[in-house]
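Here are a few exercises to work through with the model open in your viewer. Try each task before you read its solution.

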Amino acid sequence: MAAKVPRNFRLLEELEKGEKGLGAGESILAEDVLQNLTMRQEACSYGLADGDDLMMSNWNGTILGPPHSVHENRIYSVNIHCDSDYPDKPPVLQFVSKVNLPCVDARNGKVDPSKLPCLANWKRDYTMETVLIELRRYMALPQHKKLPQPPEGTTF
């Protein structure tokens, strides 16, 4: 049986991976984020919301809308909360940017875990990156890629 990596060690690994593409501590302009995300394979990034958060509970995620969809060239911001049970239980996600998707509550932007496969069938090996990539793929599904969207730049 493999050793179970403690929560904080796991989150430190995710923090290091999430910051690699953006450069820790740098001031980033929206254009830089767009350019950086375009270069990354799945066009997702994430990092701690507050560098002083010793429990590493609150994170910010960014998803560049998938090409050939109504989401193309849009940047979506997502708040990610990893409670004390993470990674044994999935994180809680809430879009900051308004988006129209079946898995997102139109009133508050919260992602319904029962409607996003990676959250509904959570495995300890999954990461915040797994969830962000899955959300981006969900946006690109044929039944979702042409859904009418709120005006760009609107927030919950």
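This is a predicted model: local features need pLDDT of at least 70, side-chain atom pairs count only at pLDDT 80 or more; totals for chains, interfaces and linings use all residues.

**Exercise 1.** Work out where Pro-67 sits and which residues Pro-67 touches, not counting those up to four places away in sequence.

*Solution.* Start with the strands (DSSP runs of E, at least two residues, numbered from the N terminus). Pro-67 falls in the loop between β2 (58-64) and β3 (75-81). Next, check accessibility: Pro-67 is partly exposed because its relative accessibility is 42%, with buried meaning under 20% relative accessible area, exposed over 50%, and partly exposed in between (1.4 Å probe, protein chains only). Then look for contacts (heavy atoms within 4.5 Å): leaving out residues up to four places away, Pro-67 touches Glu-72 and Arg-136.

Residues are numbered from 1 along each chain as its sequence is written, and side-chain values use heavy atoms, leaving out hydrogens and water.

**Exercise 2.** In what order do the 4 strands line up in the sheet?

*Solution.* Go pair by pair, where pairing takes at least two DSSP bridges between two strands.

- β1 and β2 run antiparallel over 5 bridges; Ser-45, for one, is bridged to Thr-62 in β2.
- β2 and β3 are antiparallel too, over 7 bridges, and Trp-59 has Ile-80 in β3 as its bridge partner.
- β3 and β4 pair in the antiparallel sense over 4 bridges, with Val-78 bridged to Phe-95 in β4.

Put together, you get an open antiparallel sheet in the order β1-β2-β3-β4. β1 (44-48) and β4 (92-95) are at the edges with a single partner strand each, so one side of each has no neighbour in the sheet. From one strand to the next, the twist averages 25°.

**Exercise 3.** Sort the residues of β3 into a covered and an uncovered face.

*Solution.* Tyr-76, Val-78 and Ile-80 make up the covered face of β3. The uncovered face of β3 has Ile-75, Ser-77, Asn-79 and His-81.

Methods: Axes are lines fitted to C-alpha atoms, for helices over the stretch in contact, and angles run from 0 to 180 degrees between N-to-C directions.
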